[in-house]
Structures are given as structure tokens and as C-alpha cells.
Amino acid sequence: MKFFGFAAGVAATLTLLSTTSAFAVTQISWWHAMTGANAEVVDKISKDFNASQSDYEIVPVFKGTYPETLNAGIAAYRAGQAPDILQVFDVGTGVMMAAEDAIKPAADVLTGAGMTFDKSQYLPGIVGYYSKPDGTMLSFPYNSSSPILYYNKDIFQKAGLDVNSPPKTWNEVWEAAKKIKTSGAAACGYTSTWLTWIHLENFAAWNDVPWATQQNGLAGGDVELKINAPIFVNHFQALADLAKDGTFKYGGRTSEAKQIFLAGECGIMTESSGGLGDIVKSGMNYGIGQLPYDSDAKGAPQNTTPGGASLWVFADKSDEEYKGVAAFFAYLSKTDVQEYLHQKSGYLPVTLAAYEATKKSGFYDKNPGRETPILQMTGKAPTDNSKGVRLPNLPQVRDIQNEEFEKMLAGQQTAQQALDNAVTRGNAAIKEALGN
Amino acid sequence: MTPRVIFPNKILPYLLVAPQLAITLVFFYWPAGQALYQSMLRQDPFGLKSRFVWFANFRKVLVDPAYLNSIKVTVVFSLATAIVAMGVALLLAVMAEKVVRGKGIYRTLMIWPYAVAPAIAGMLGLFLFNPSIGSLSYLLRRFGIAWDPLLNGTHAMILLVAAAAWKQISYNFLFFIAGLQAVPKTLIEAAAMDGASETKRFWTIVFPLLAPTTFFLLVVNTVYALFDTFGIVHAVTGGGPGKTTETLVYKVYNDGFVNLILGDSAAQSVILMIIVIALTAIQFRYVERRVHYG
């Protein structure tokens, strides 16, 4: 029986293969890292695209977490088996950019297929982040997010805080967190996911202070970290002090803190706007505020930088495949597709038209707070400090920062020591990576 | 004198060992050779540019304080895991031997956890000891212990050892049970008649006779703790907090697949290979001599 099942499977596969070639449909492989509700979005978009035309077929393949997907893509490229499209998270952007011979810029893919690429249709902050210094768009933004503040309204009420005005500055956050803790409304006041992304990279952009030299690495060349400036030290010392009595609770290096917030253990959390789905699903009485800023910073709040991921196209594919990729990117840019992606997943729309259409539909009136990440990112024209950060080895540098933070939060070193160490070790690692 | 087996056909014996040789070549010598070559290269992640640097990667790795720390972590972790896993298993096996009724059920229950994959064992440990929602961490807090494996390196290490050892106890238990059954009852009975206490009987008769089993398990457990625990480390701590639980194997993964520094990662793999070869040679050469095979 087993053998017959296997034989039938082989036969079916062969039939499938032969029909595919008979219709001459060009298959476009798309490796992605989306799970849960976001994976459903990927599948639906692919299915709809395939149904909308008969020349190309998008084949989405789930490859694991973001780093796993990036690794799978790199390993496949080295083995000469690269997919057409690879979803790479923000942190991997520098890695991909450094590999110019391995990729084909998204702008070239579109123009090569005879399409015009009008940059002005896309949200400038997002497209800028995925472009070379000369303005060529290298990858296609798929899912972009921005860190925002979530708070538990029930806990706010119990602590005697105003449920309709979330804290705006970090000092207000510390005060609210202390009040939550001392009043016994919750076991902890404040927690945060992604300390590196939210409290260093976005903290710098939002308060308009440099994270590193060379426009935070965007201008290339020898980059040196600037994260031990007094404004960062004060911020992290405040966190370390609050961690002593549990007013601030550390959840982990990535998005683990979301569980603590969802469990009702902490009253306030800063997290990616892409994490909204889980909070909505939990049925919590939640509120959204913009990312807090430092009241000592002159230009604050400036603008936040995009997180999330973009789609990269590998080099050395056939013209047919590139045409298919271009057709898919054009499809992704359509207003109704972007609207669907934005409203279903909590990620930002990448075109201005989709943003306007969502606004017009009354979605933001019904879902207050959903517009916050867009306003944060587009509110002001970005400065040299707020276009994003880029390093050829950002994952490694973030790891170093996390290690130093953990030692600091465990009370083994002060914020000054932690950030000084993070700068020294980070700079050494950057130099190593550039020396390759 | 053992009779020499002579094959009439000259090619047949080579043909018979060929499959085994082929497997070894493809799955050991080829990747090992690749690792050796890679360990002398400096290369970007995509392999677009590479430079042959001889032993520069090894020099770099061996003076890196993070690598030396990882050696220390690995020694502590492996020793603790092997000792805990073998000690608990031996205790349980001795106890299980005494059970009169329901021996089968008792043994089956003890062996069960071995079927659990390392990553799953890690996740189980992670849930039980999760500082916020874990039931065991709740108990620990009730006893006044500020349990926090996320920030406290010692707690993280205890958690890892517990998860890694727990999984290995079943395997050790199985071998100790088999070993115990091979101990002649007559010896124990004779000693009992001479008035030796139970503890005395165990340490002077049973334990020495278990030596071959213990030695075998020592090798297996050390290798397990060194190489098979990647899944547990990955699931439970990811090497943190700080670098307090970054074992050698985990560092190879982290440098190679997260930080994408392939040369360093390959150099570490080669060092790891040398460590394993040395360790096995030492174990068989020196430790085995003292083992008495009954």
C-alpha cells in the first residue's frame, strides 16, 4: 500500500510538472519568514496574483525565522540555487547591500521589464531606507513597521492614571510605571521588546541624535557607534534603576516581552506596530500611544525609522523570471493589495495612495492608534540622524549591545560601562566586518 | 591464535567495505575537508570575495576572550550535565532494582523521556522555569528565590543543565539497569552473609562491577553534552544572558549563521574536531585501562 501511495505521488508530480511546462508558466520562488496571520496574508496575495494573470506563478515558501530565512537564501546562493525573491529583515539590509554582485536592484528589475518606477508614489521614509546613497531602490519594501507604545487601560484605571492620555515622554513613562508598581495595579510598570531597535536605533532617530557616524552608516565607510553619548547613558541608567525593584521588567532580546504584557504583568510596553495582531486577538482593553521621546532632546520628536522586512531579487536569473518578479512587485504596489496588507497585518502601507485610501475608508476612525506608526515615520522630513541605521554586520552589533544590556540589568555594570563596552566591542566588530 | 580469514577473491573484500567507506568519505572527510579549507579563508557571506589567510582565523579565535569564555562555559556545562545525568540515573536504577511489583511500568516511565527531541526538552524546561508563567519558577519564588534565568547567568546555567541532564537520564538509566542485572547475585548474597551493609555492598561490589557501563556512559554523556545540546541551548537561552551560556557548539552556530563570519566559525569547528579526537583518544587510552571488564 505504501508503495502504491508513493508511486501515485510520483505520477501526480510528473503530471504536474508536465502540465506546468505545457502551459509555459514561469515559476517565481519567494522565500519568506511570515507566520500566523501574516503568513495567511502572504498566501492570499500569492494566490490572488496567480489568479490575476496566466504567465507567472508565485510560489511562496516559508523558510523559518528572519535570520533563518536570510541564511537559507545565502546558502542557496552559494550553492547556485538561489530563489528569485528573498524576504530579508531590516537588520539584514546591510548584509544584502554589501553583496552587490549577488543581487539585482528592485528598481532595475522594474525598469528592465519596461515599467516605470515612480518613487514619489511610495512613503519616502521607507523607500529611502532600502535605497543606495545615490537613490537607486535596491529592495522592494514588503512589510514595514514602527515601534509604538501600548498600554493596558484596566491597569491604568486601577493605578489612578488617565486612561485616555498615554505617557508622551520617557520621564512620564517612568513616573507612570512607578505609579503602577507602587499602587499594586500590576507586578511591573513597564516592559519593552527589542531594546536595540527601540531604545537605541529608534531612540536616536526619534530624538534626532546620531546613533553612529556617517549618517548612521548609510553614507558607508568607516562607521563608529555614538551610543555612549550622555542622552543614551541617562536613558539606560533610568532603565537599570527601574529594573532593580522590578518596575521595569526585561523580557528578552527580541519580542518575548509581549508575553509579559499580554499576561497582564506589566501596564506599559513598547513594541513594533506589527505586533498589534496578537494584542487585538488577546481581547485586552488596550490603548496605543506614540513612541515616547526624551524631553531633554531639542528636536524631539523627529521621526522613527522603519523596521520589518523587504523583498530582494537575486542576480543571474532569466529575463522571463525578472519580468515575472516585476509583474509581482507592480501587483504588490496596487492600492487594494496594500490596503489589505496594511489593515490585516498592522504593517505600514508602502504607497501613499493606499494610505490615503485607508484614511478615506474611515479605518483609522474605527481603529484609533492604527495611524500612529505612519504619522511617526512620516511626520517630519528625516534628518541625517533619522533615515535609519545600516551596518554590514548589524545582527552581530545588536548581539553585543544585548549582552552588555543584560549585564547592566543584572546589576553587574552601570549604564555608562555597558554603553562604553558596547561601543568599543561594536566598533571593533564593524572594523573586522569592513576588512573582509 | 585466531585464524586468518582469506577471501579467495581479491576485489570482493574491497567491494564489501566500499559502502561504508563511501559514507565516511561523503559524510565525514568531505565536509571536514571543506571546513578545514574554509577555516583558512576570509570571506564575505555570499562568497563573492575571498582571501586565503592561512592560520589567521585560528589566531584570532584563540585570543578572543569570548572564545576562552565559551571554553569555560562548555567545561562547566558538560561536566555538570554528565555528573547530574549519570548520578541521578544510577540512583534511580539502583532503586528500580529493588521495586518488586510494577517493575515494568516503572522502568518504561523512566525510559520515556529519551524519546523527546532536545529542542522539545528545552521548550519544556523553558515553560516550567519561565520567570513569568512557569509553574516551577512560581514554586521557587514561594521559597524566596528570585528566579530569573533571563538576567542571572547562574540561573540560566542551572536551567540548561537541568533540561540537558533530564533528557539523558533515561538513556543512562537503561544502561545502568542492564549493568546491574549483570552483577552476579551470588557475590552480593555472600557479602550480605558476611555482614556487609547495603552501602558497603554497593560501593565495594556493585559499583566496581559497573565500571565498564559507567565508562561507556561517561564517553557518551560527554559527547552528548558537547555536541547534542545545541537544540536545548538554542531553545532555552540562546547563549545569554550576556555570554554566560554560550557553549563552543553554540558559538560556532552564532558566529557562522547569525553573525555570518564564516572563517571564524569554520576555524572553531576545526578546533572542536581536534578536541573531540583528543578527548576520545585520551578516554580510550588512559581511562579505559583502569576499567575492569568482567
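This is a predicted model: local features need pLDDT of at least 70, side-chain atom pairs count only at pLDDT 80 or more; totals for chains, interfaces and linings use all residues.
Me: Hi! Let's start with chain A. Which domains is it divided into?
Reply: Hello! Chain A has domain 1, made of 2-145 + 307-366, and domain 2, made of 147-304 + 391-434.

Me: What separates the centres of the two?
Reply: Taken over C-alpha atoms, the centres of domain 1 and domain 2 of chain A are 31 Å apart.

Me: And how many residues are in contact between them?
Reply: In chain A, 15 residues of domain 1 are in contact with 15 residues of domain 2. On the domain 1 side, the elements giving two or more residues are α4 (93-97), β5 (140-145) and β11 (307-314) of chain A.

Me: What kinds of residues are on that domain 1 side?
Reply: The side of domain 1 of chain A that touches domain 2 has seven nonpolar and eight polar residues, with no charged ones.

Me: Staying in chain A, at what angle do α15 and α16 cross?
Reply: Helix α15 (residues 335-345) and helix α16 (residues 352-360) of chain A cross at roughly 65 degrees, and their axes come within 8 Å. The two helices, α15(A) and α16(A), are therefore roughly perpendicular to each other.

Me: Left-handed or right-handed?
Reply: The crossing of α15(A) and α16(A) is right-handed.

Me: Which residues meet there?
Reply: From α15(A) you have Thr335(A), Gln338(A), Glu339(A), His342(A) and Gln343(A), and they meet Ala353(A), Ala354(A), Ala357(A) and Thr358(A) of α16(A). By type, the residues of this contact between α15(A) and α16(A) are three nonpolar, five polar and one charged.

Me: OK, over to where the chains touch. How many residues are in contact?
Reply: Chain B puts 20 residues in contact with 26 residues of chain A. The chain B side of that contact divides into ten nonpolar, six polar and four charged residues.

Me: What does the secondary structure of chain B come to?
Reply: Chain B has 13 helices and two strands. Its C-alpha trace spans about 75 × 75 × 30 Å along the principal axes, and 31% of the 294 residues of chain B count as buried.

Me: What about contacts in chain B with a separation of 6 or more?
Reply: Of those contacts in chain B, 68% are between residues 24 or more positions apart.

Me: I'm looking at α12 in chain B. Why is it largely enclosed?
Reply: Helix α12 (residues 248-258) of chain B is largely enclosed by the rest of the structure because eight of its eleven residues are buried. The buried residues of α12(B) are Leu248(B), Val249(B), Tyr250(B), Lys251(B), Val252(B), Asn254(B), Asp255(B) and Gly256(B).

Me: What follows that helix?
Reply: After α12(B) comes Leu260(B), with a positive phi near 60 degrees.

Me: And Gln268(B), buried or exposed?
Reply: Gln268(B) is buried, with 28 other C-beta atoms within 10 Å. Its place is in helix α13 (residues 262-287) of chain B.

Me: Which residues is it in contact with?
Reply: Leaving aside neighbours within four places in sequence, Gln268(B) is in contact with Val61(B), Leu248(B), Lys251(B), Val252(B) and Asp255(B). Also, the C-alpha atoms of Gln268(B) and Tyr67(B) are separated by 8.9 Å, with the two residues 201 residues apart along the chain.

Me: Last one: at what angle do α4 and α7 of chain B pack?
Reply: Helix α4 (residues 103-111) and helix α7 (residues 153-181) of chain B pack at about 140 degrees, with axes 8 Å apart. That makes α4(B) oblique to α7(B). Arg107(B), Met110(B) and Ile111(B) of α4(B) make the contact with Ser170(B), Phe173(B), Leu174(B) and Ile177(B) of α7(B).

How values were computed:
Residues are numbered from 1 along each chain as its sequence is written. Chains are lettered from A and ligands numbered from 1 in the order in which they are written. Axes are lines fitted to C-alpha atoms, for helices over the stretch in contact, and angles run from 0 to 180 degrees between N-to-C directions. Helices (H or I, at least four residues) and strands (E, at least two) are DSSP runs, numbered from the N terminus. Angles under 35 degrees count as roughly parallel, over 145 as roughly antiparallel, 65 to 115 as roughly perpendicular and the rest as oblique. A crossing is left-handed if the near helix is turned anticlockwise from the far one by less than a right angle, and right-handed if clockwise. Two residues are in contact if their C-beta atoms, placed from the backbone, lie within 7 Å. Ala, Val, Leu, Ile, Met, Phe, Trp, Tyr, Cys and Pro count as nonpolar, Asp, Glu, Lys and Arg as charged, and the others, Gly among them, as polar. Domain bounds come from an automatic or database domain assignment. A residue is buried if 20 or more other C-beta atoms lie within 10 Å of its own, exposed if 12 or fewer, and partly exposed in between; C-beta atoms are placed from the backbone.
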